[in-house]
Amino acid sequence: MTQPLLEVQDLHTVFATRDGTVKAVDGVSFELLAGETLGVVGESGCGKSVTALSIMRLQRPGRIVSGRVLLKGQDLTRMSEYEMREVRGREIAMIFQDPMTSLNPVYRVGWQVAEPTRLHHGWDKKRAMQSAINMLGKVGIPAPESRARDYPHQFSGGMRQRVMIAMGLTTTPEVLIADEPTTALDVTIQAQILELLRHVNREFGTATILITHNLGVVAGMCKRVVVMYAGRIVEAGPTKDVFAHPKHPYTWSLLRSIPRLDAEQHEPLKPIEGMPPNLVDLPSGCSFHPRCAFKVERCARDVPALLQVGESQRAACWVTQAGTELQGA
Amino acid sequence: MIGPSRVAELDMPAAGVETAAARPAQSYWNQSWERLRANRLGMAAGVLILVLAVIAVLAPVFSAVLTHYQPQTINLDQTFARPGATHLLGSDELGRDSLTRLIWGARVSLGVAFLTVALALTVGTTVGMVAGYYGGWIDDVLMRLVDTVLAIPAIFLFILMSILFRPNAVTLAAIVASVGWGSVARLVRGEVLSVKQRDFILATRSIGARDSRLMVRHLLPNVLPVLIVAASLGVGQIILIEAALDFLGLGIQPPTPSWGNMLTNAQSYFFHSGFLVAFPGITIFVTVLASNIFGNGVRDAFDPRLKG
Amino acid sequence: MPELAAKPLKRAWTTAEPLVSVSDLKVWFPVSSGVMQRTTGHVHAVDGVDLEIKAGETVGLVGESGCGKSTLGRAVIRLLEPTGGTVSFKGEEITHIRGEHLRALRRDMAMIFQDPYASLDPRQTVGDIIGEPIDVHRLAKGKQRQERIRELLRVVGMNPRYADRYPHEFSGGQRQRIGIARALAVEPTFIICDEPISALDVSIQAQIINLLEALQAKFKLTYLFIAHDLSVVKHISNRVAVMYLGKIMEVAPGRQLYQRPRHPYTGSLLSAIPIPDPTIELQRERMILQGDVASPVNPPSGCRFRTRCPRAREHCAEEVPPLESYGAEHKAACFYPLD
């Protein structure tokens, strides 16, 4: 087994709010291997974004209260702010959901794309700008020399996202974290950007953490996937296996509740009953149990650990760990 | 993304959990009031203003019970008395008790301030609401009117008014309001323009509600927070304006005491009876400060980021 | 449910005729620029749309941002006044009606909005929000009104006791239910759903979709379902219309649209939509479009889609392709359709 590039070990990040402490990330562990694309999937409030921000140590006003984040063996949670600045943008790059606000409206695009290399590699203006123009071309922006002189508002949403990707890649980082990179985009533009990310992954070998709530995107982009709910990982494994035979009731119910484009007939959807949990006041035991169709007594008492279920998957569920198959009407 | 969803129980009829029914409904006003209450300094300032208002209203009572003087009683034996047992805050050049005059002056100063704010708010809100809601030429005409009003040099207007007639509290309030409603109108119009875009306004139109219903029942309550903040801050501003006008002799004329005109003559006596300047000055300062602090507290309590 | 006052009849209409009929509808918005704010052009938000909706059916309207679907929905319910063309409801032309006539229409047509956080007045209680249509049209008073409000909350799956609460106390899904209850308050025949689930979590979307379907069956409603998510639209609709830059590119029953799209835009839209099945995803042939959506201020001549279309030829720039029939209920506007 090769040493994973990035390892998150039992991470806990909390936020203090008027109503109490929100355990946004509640014991998350996973690995990212060099060159792979890992999907982190979950709905709003599940903690996927906060996990990413915690890796980058950008989680403020939240606090990382325990756990480790190992990048090539070095613990990022123990680093000083100064050391972290060396990591951000150089070793790990992040692109965000909303391309409208992620770029600074008062600076030209070329300048912004050139900034990381000037900061981290100390390149002079000319060299950095040349590299930026080069990268803009690589991400599919036509006429990059003249476009580099334009301002963000002169670009469409899809183009801006390409600029963000260019900005992230100029320093050839080892890891790229993409937090819902296509959620705000039209579906045909989304396809373009996902294709670009695939291409980037192939050409540069950058390991990617793709965070999304869209199971279809995960299915097309990621070899391995991690499913999050209420701050914890509930299932992990190869995408093919997780989709074909999910080992956690949440994943299982989620897959059945989504209307499929390729559905032959109109089958009524099977929604997950109830509502997402209150993060200040989580249910006892397994956070999903109030909405679970398979729950047993133990589920309300004990928090299940993420353990091996089946050949290649891990799931945090007492029921499936005991060997029960998930089936239903 | 971060933060709890408020109601954790299931909403399917079959699985109804009744915990939420026990809590009282949390309207936006309740929540804002809670937030304001938590702001100690803001609340203290508010209480201070309230106390001053009560004192102003009950001035005759205070006169009789506390100081035993009337504000206009002249006593040439006791001119320039230093603050002490007979005159708690001293007396002025005509032997009139300063504390009593300050108490009665509160009537004028606070009265004019509240009345001015009320007038400016009423006129300004109506104009701003109509302009913002209808847009088009109505908006253009009304806003040009506002621009004109705002361009009139206020001092010029005040001088003119005071030459034409002796202002009493009510007319003074009307004069100051006639200049001040413009900025309220602009404020309200801006707020209306932003609230108008929100989906619930469109939804209310889609059910067939008339414009008047929309404006009164939907726009106004959503614009109210901004108005309340403007009013709280406005009181302080008006007190200063009114004091300045009185001081210049353009407002309330002696012998009716107001905090401003108590300063008019006091400047001549500054060196030997500085307290005649200090007490009205401090009173104005403290009142305006309290008004500003309270106003800021109110604004924070209504913070739009926490709306709905 | 308590009886409401009967609706006024304008003229006889039977379900044999379409409930809603849109003909060559145009909605243009002026664009002004310069110091003098002159009108320099128009946004052709809706630029010649023909559509018919039969009683009891659900017509889905799908397209990407800027295609005009929301504008079309608002024009149909007359929240906007069309610039050209006609809209008819129950056989009667409503394109330019006003005042009382328009208000009467609002008893028959309702709308559900996208943003559950913005579509409810934060200063009103849930009961007032749902009761407002009842008040505006004077349908019920006092106890009868209260009972109706409670009934509506029950019908959308919420506890009737919630009538005293305020919108911010509820989650997105629950707020959307409140919005639906409001739309149902006048007992409409036709409801326009403008992206009703886009702002909701995936696990809640299914609940609302099922609710809308159940309500349709129970109250014999007709829906115009506007969304950008074709998977959802296909699921809930009988027929789906695909819009691009203000015009309809293709209309067909959902399954036919998926299995045999005729218009290249539909084809690329379908191939762009990710399917939650890794095996299928890895094998799919993708028809990825180049470039961005063109500007609705100066739409391309002829076929609007030609600037991104992999099959475009000279003719496409010269003439606007009309909607041609390809079998029952299937129409597409393309000179060189997919086979």
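User: In which helix is Val113(A) found, and is this residue buried or exposed?
Analyst: In this predicted model, Val113(A) belongs to helix H4 (residues 109–120) of chain A. It has 30 C-beta neighbours inside 10 Å, and a residue needs 20 or more to be classed as buried. Val113(A), in helix H4 of chain A, therefore counts as buried.

User: Which residues is Ile233(A) in contact with, leaving aside its neighbours within four places in sequence?
Analyst: Ile233(A) is among the core residues that touch the most other members. With neighbours within four places in sequence left aside, its contacts are Val28(A), Phe30(A), Val226(A), Val227(A), Met228(A), Leu306(A) and Ala316(A).

User: Why is helix H3 (residues 126–136) of chain C largely enclosed, and what covers its buried residues?
Analyst: Eight of the eleven residues of H3(C) are buried, so the rest of the structure largely encloses this helix. The buried residues include Ile129(C), Ile130(C), Glu132(C) and Pro133(C). Their cover includes helix H4 (142–155) and helix H5 (172–184) of chain C, as well as helix H9 (199–206) of chain B.

User: How many helices and strands are there in chain B?
Analyst: From the N terminus on, the elements of chain B run α-α-α-α-α-α-α-α-α-α-α-α. Of its 308 residues, 40% count as buried. The count for chain B is twelve helices and zero strands.

User: Where in chain B is confidence lowest, and where is it highest?
Analyst: Chain B has a mean pLDDT of 81, and 90% of its residues reach 70 or more. Over residues 1–23 of chain B the pLDDT is below 50, although this stretch has 48 contacts in the model beyond near neighbours in sequence. Where pLDDT is low, the predicted coordinates should not be read in detail. Confidence in chain B is lowest in helix H1 (residues 19–22), at a mean of 37, and highest in helix H6 (residues 136–151), at 92.

Technical notes
Residues numbered from 1 in each chain as written. Chains lettered and ligands numbered in written order. Predicted model: local features only at pLDDT ≥ 70, side-chain atom pairs only at ≥ 80, totals over all residues. Core = buried A, V, L, I, M, F, W, Y, C linked by C-beta atoms within 7 Å. Buried ≥ 20, exposed ≤ 12 C-beta atoms within 10 Å, placed from the backbone. Contact = placed C-beta atoms within 7 Å. Helix = DSSP H or I, 4+ residues; strand = E, 2+ residues; numbered from the N terminus. pLDDT = per-residue confidence, 0-100.
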